[in-house]
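Subject: Structure handover

Hi,

Here is the structure you asked for. Please open it next to this email; my notes follow below.

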Amino acid sequence: MSTQAAGNQTSSGATDDEDSYDSWYIDEPQGGQELQPEGPVDFLAGDRPRTVPAAVFMVLFSSLCLLLPTEDPLPFLSLTSPPGRGLWKILALLYYPALYYPLAACATVRHGAAHLLGSVLSWAHLGVQVWQRAECPESPKIYKYYSLLASLPLLLGLGFLSLWYPVQLVRSFSHGAATGSKGLQSSYSEEYLRTLLCQKKLKSSSHTCKRGFASRAWIYFRHSVYIPQRGFRLPLKLVLSVTLTGTAIYQVALLLLVGVVPTIQKVRAGITTDISYLLAGFGIVLSEDRQEVVELVKHHLWALEVCYISALVLSCLLTFLMLVHSLVTHRTNLQALHRGGALDMGPLTQSPHPSRQAIFCWMSFTAYQTAFTCLGLLVQQILFFLGTLTLAFLVFMPMLHGRNLLLLHYLRSSWPFWLTLVLAVTLQNVAAHWVFLDTHHGRPGLTNRRVLYAATFLLFPVNVLVGAMVAAWRVLLSALYNAVHLGRMDLSLLPPRAATLDPGYHTYCNFLKMEVSQSHPAVMAFCALLLRTQRPQPRVTPQDGLRLGEEEEGIQLLQTKDLVAKGAGPRARQGRARWGLAYTLLHNPALQAFRKTAPPGARANGSQP
C-alpha cells in the first residue's frame, strides 16, 4: 500500500522534460545487439512445446518406479553385496534425470540438427526398453509381470517422442528452422487479451434470466469438472503436475494390485481340510464338516479380495475426480490473480516480488504434487479397505450365511444405551421446536426459560455420552476428508488461521505467486506489442499474431477514445504512457531489471525534489 500511495503523489515542481520521460522506459539492445538466443535449458519456459516435457517427466517418473523391484539400480552395474545397494539407488536418482535430460533439451533448440539428435536418442531409448522387456518379460519380485506393466507409461512416453522428433525434423527441412513453434507464447497472450476484451463486451450486453434445472446442472458441472476455456491456458508446471499425477495413480494402483491380489489368490487356491484344525486351535469352529469349512474359508478370502479391489477402484476414482476438480480451482485462482485480485492465502502473497522461498516452492511444486498423490492414494486405500472389510464381515456376510452375527448380538445386548441416546437427541430437538421456541410478531423468540435451564441440567450426563459419540464421528469424518483431499495442494488441511503451517498449501501459494509475477499473459502481450512497434515488419498479415489493424489496440487500451487522445496533445499521452508503464513495473517486478538508468539530475514522474 505504501508503494501505491507513493506512486499517486504528484508534485508541482516535477519536470516533464525528455530525460525524465526516458527514465521510465525499458532498456533495449544497443548497437544492433540481439536478444539472448534460446538454449537447451529453457524446456520449462512457457513458450516451449508442452507435450515434450510432459512425456519426458512421465518417462523419468516411470523409470524411478521401476527401481522398487530391481536389485541393480543402475543398468550397467551388477551388485552382489546388499549393503551397497542403498547408496547406488541414491545415485540412480541423479543418473536417470541426466540420462533423459537431452530428450527434453533437444526440443528447445529449434534446429534440424537438434531434432535429428532427439530422433536418434528417442529411438535408441525406445529400442533398449523394448529389447529389455522382450528378453526378460517376467521378474521374480512382487509379481512376474510387474516390471512389464509398470514400464507401459515409459514405453508410451518414449513412443511419443520417437514420433514427435521425426515429424519436427521433416517440418524443419520443409519449412525452415525456427518456424514450428515461434510465437507460441505471444500468440497465447494475445489470444488471452482478445478473449478478455470480448468477455467485457458480452458482460455489458448480457441480461439476467431465470435458469431451469438443466442449465443449473450444467453450471454446476462446469464448476466441478475442468473444461478448457478459450483464451486461457494452464501453465506448463500444472500440465506437468497433471501428467505426473495420472502416472502416479497408475503406478501406485498397479503396485497395490499386483502386490496383494495374487497372494490372496494363491492362498485361496492352497486351502485344504487342515485349515479346520488351525481354526480349532484358536477356538473357531465354523462347521463340523471339514469340506464345508474349506468352502467357507475360500468364500471369505474371495470376499476379502473383492473388498480390496473395490477399495482400490474407489480410491483411484476419488483421486482422479479430485485432480479434475483441482484444475478448476487452479484456473479460478490464476484468473483472479491475473485480474489483480488478492486471494485469501494469508501473508504469503502480499508482496509481488519473487523471494527465495517462492523460487524454491516453484521448483518443488510438481514433485510435491506427485508425492502427495502417491501418499494420498495409499492412505485412501487403507481407509476404504478397512471400511469395506467391516461392512462385509460384520453386516453382509453374517446376514447372508446366518451365522457369526457379532454386530447383531452386540446391538441386542446394548440396545438400552443406544435407545437412550436416540431418545435424548430426539426429545431435545422436539422440545427446542415446540416448547422453547415461540413466534412473536413474525419473529422467533426464546420462551419457557426456567424449563430450559432445568432440562439442560438434567440431561447433562446423557449429553456427555452423546458428545463422546459425536467426537468419534468427528474424528472419523476429519480423517476421511483429509485422506480424500491429501493429494490436493490447492486446499489446506488445517483451519484458515493455521493454513500457512500446511507445507503443501504453502508451496501452492508461492507457486501461484511466481507464475503470476513472471508469466502474466497480459504483460507478455504488452511487451510483445512494445517490441513489435520498435521493429520494421512487412505489411503482411501474420498467422499466429495480431493483425496490423489490431496491433495498436493493446497500446490504445491505456488511452481514452481516439478523439480525446488526439486532442489532448503529446503531454497527456506522455503522462498516460508513464502511468501505464509504472503500473506494469509495479505488478511485474521482473521487468525492472531491464529499465534504463535515469540520467544524473533527472527525476521520475511524481517524485519529490
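Helices (H or I, at least four residues) and strands (E, at least two) are DSSP runs, numbered from the N terminus. This is a predicted model: local features need pLDDT of at least 70, side-chain atom pairs count only at pLDDT 80 or more, and totals for chains, interfaces and linings use all residues. Residues are numbered from 1 along each chain as its sequence is written, and side-chain values use heavy atoms, with hydrogens and water left out.

Overall picture

The protein has 22 helices and two strands. Of its 609 residues, 35% count as buried. Buried means under 20% relative accessible area, exposed over 50%, and partly exposed in between (1.4 Å probe, protein chains only). The protein exposes about 36,900 Å², and carbon and sulfur atoms supply 66% of that. Areas come from the Shrake-Rupley method with a 1.4 Å probe; for residues, only the protein chains shown count as cover.

Nonpolar patch

Leu394, Leu406, Leu407, Tyr410, Leu411, Phe417, Trp418, Leu465 and Met469 make a nonpolar surface patch of about 770 Å². Patch residues have over 30% relative accessible area and no salt bridge; nonpolar side chains (Val, Leu, Ile, Met, Phe, Trp, Tyr) are joined within 5 Å, like charges within 9 Å. A salt bridge is a side-chain nitrogen of Lys or Arg within 4 Å of a carboxyl oxygen of Asp or Glu. Helix 14 (406–413), helix 15 (415–434) and helix 17 (460–484) supply at least two residues each. Helix 14 gives the most, with four. Met469 sits in helix 17. It counts as partly exposed because its relative accessibility is 34%.

Helix 3

Helix 3 (residues 51–65) is largely enclosed by the rest of the structure, because 12 of its 15 residues are buried. Among them are Val52, Met58, Phe61 and Cys65.

Two buried residues

Ser364 lies in helix 13 (residues 356–401). It is buried, at 9% relative accessible area. Its side chain reaches the backbone oxygen of Phe360 at 2.9 Å.

Pro235 is in the loop between helix 9 (213–224) and helix 10 (236–269). It is buried too, at 13%. Not counting residues up to four places away in sequence, Pro235 touches Arg50, Leu334 and Glu515; contact means heavy atoms within 4.5 Å. Pro235 and Leu334 are 99 residues apart in sequence, yet 9.5 Å apart in space, C-alpha to C-alpha.

Best wishes

Key: A polar contact is a pair of N or O atoms within 3.5 Å; within protein, one must be able to donate a hydrogen and the other to accept it, and residues adjacent in sequence count only if both atoms are side-chain atoms.
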